[in-house]
Amino acid sequence: MPQLETLPASATRDDIVAVLNRDGAAILANVLSGAAVEQVLKETGPYIEATRDGRDPFTGFQTTRTGALVARSPATRAMILHDTVLAAARAFLAPWCARIQLHLSQIIRLRPGQPAQAIHRDRWAWGTFLANIEPQFNTIWALTDFTRENGATRVVPGSTQWPDDRQPEPGEIALAEMDRGSVLLYTGSVFHGGGENRSQGDRIGANLTYSLAWLRQEENQYLSCPPTIAWDLPRELQDLLGYTLGSYALGYYTPPLPPGAGPEAVGPEHALGRSAEGEGIGSDALLNEIRDAVRR
């Protein structure tokens, strides 16, 4: 059985990107303290317990998926903004975009008796239309230990260039076994799937994913974290949610007010009171980014 490379929490952005480019996945060990994990579980626990099991084999009949984590859990905001992980996400996705965004946030709980999930690619959220583009950078933060017995994520290292219809052999599949507080980092193109939970306890992880800012998000962040909540968040997190232009002329809106009562064509920053930088359909800097890219 192949093994995923495990990096120390002190690994650099470039260390992480190098392994992901080679294998499609890596484990960053012991990133969160025990107290930090407990705080996440304390904040999200009531929502997890109130979440119904999945309704199909893929999402899991003994699996719960609890979202809107930015709105519900301040502790998960720090995870999304983790310096090393966020820097690695930006560097990894940089060849295909000027900005990245938060694609989804959810707590995935595999309960005892949950069968193994079908091996798949997360990039299939957009179908198979994005050939030759890596659309996302994924993380699963272990809020319990991830073991062979409780359903550690199965990953096929080196599968990022496989055709979509390629099925892995058992000997090609690695297990993302890791201690609580560690994080699995993996690309949108690597084949993977949840494992079978044969234990007597839950396997719990926080799935926090980043994608190219010009793509549709899997979790609609404008509804999961509306302006009334996003207003007081750090600016960097607001931008990751999508409250900024994804590129020049990408994502502006016009407030539907009476004639003359409001602006025309402003960036989504305007909805959070950041009006001065949100005027027009894009800044000169964003327009120049496109011009420079066209000239290359």
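**Exercise 1. Which order do the strands of the open sheet of 3 strands have, and in which sense do they pair?**

The model is predicted: local features need pLDDT of at least 70, side-chain atom pairs count only at pLDDT 80 or more, and totals for chains, interfaces and linings use all residues. Residues are numbered from 1 along each chain as its sequence is written, and side-chain values use heavy atoms, with hydrogens and water left out.

Solution. 
Step 1. Strands (E, at least two residues) and helices (H or I, at least four) are DSSP runs, numbered from the N terminus. Two strands pair if DSSP finds at least two bridges between them.
Step 2. The order is E7-E6-E9, with antiparallel pairing.
Step 3. Strand E7 (174–175) and strand E9 (192–193) are the edge strands, each pairing on one side only.
Step 4. Strand E6 (residues 154–155) is joined to E9 over 2 bridges in the antiparallel sense; Val155 has His192 in E9 as its bridge partner.

**Exercise 2. Locate the largest nonpolar core and the contacts of Phe137.**

Solution. 
Step 1. A nonpolar core is a set of buried Ala, Val, Leu, Ile, Met, Phe, Trp, Tyr and Cys residues joined through side-chain atoms within 4.5 Å.
Step 2. The largest core has 50 residues, and Leu28, Phe137, Trp141 and Tyr210 have the most contacts inside it. Helix H5 (residues 83–93) supplies the largest share, 6 residues.
Step 3. Contact means heavy atoms within 4.5 Å. Leaving aside neighbours within four places in sequence, Phe137 touches residues including Val85, Ala88, Ala89, Phe92 and Leu93, as well as Leu185 and Tyr186.
Step 4. Another core, of 14 residues, lies apart from the largest one; Leu4, Ile27, Ile140 and Tyr186 are among its members.

**Exercise 3. Is Gln238 buried or exposed, and which residues surround it?**

Solution. 
Step 1. Gln238 is located in helix H8 (residues 235–241).
Step 2. Its relative accessibility is 4%, so Gln238 counts as buried.
Step 3. A polar atom of the Gln238 side chain lies 3.3 Å from the backbone oxygen of Leu233.
Step 4. Beyond neighbours within four places in sequence, Gln238 is in contact with Ala230, Trp231, Asp232, Leu233, Tyr243, Leu272 and Arg274.

**Exercise 4. Characterise the protein chain as a whole.**

Solution. 
Step 1. The chain has 9 helices and 10 strands.
Step 2. Its radius of gyration (over C-alpha atoms) is 20 Å.
Step 3. Of the 296 residues, 50% count as buried.
Step 4. Among contacts with a separation of 6 or more, 76% come from residues 24 or more positions apart.

Conventions:
Buried means under 20% relative accessible area, exposed over 50%, partly exposed in between (1.4 Å probe, protein chains only). The radius of gyration is taken over C-alpha atoms; the globule rule is 2.2 Å times the number of residues to the power 0.38. A polar contact is a pair of N or O atoms within 3.5 Å; within protein, one must be able to donate a hydrogen and the other to accept it, and residues adjacent in sequence count only if both atoms are side-chain atoms.
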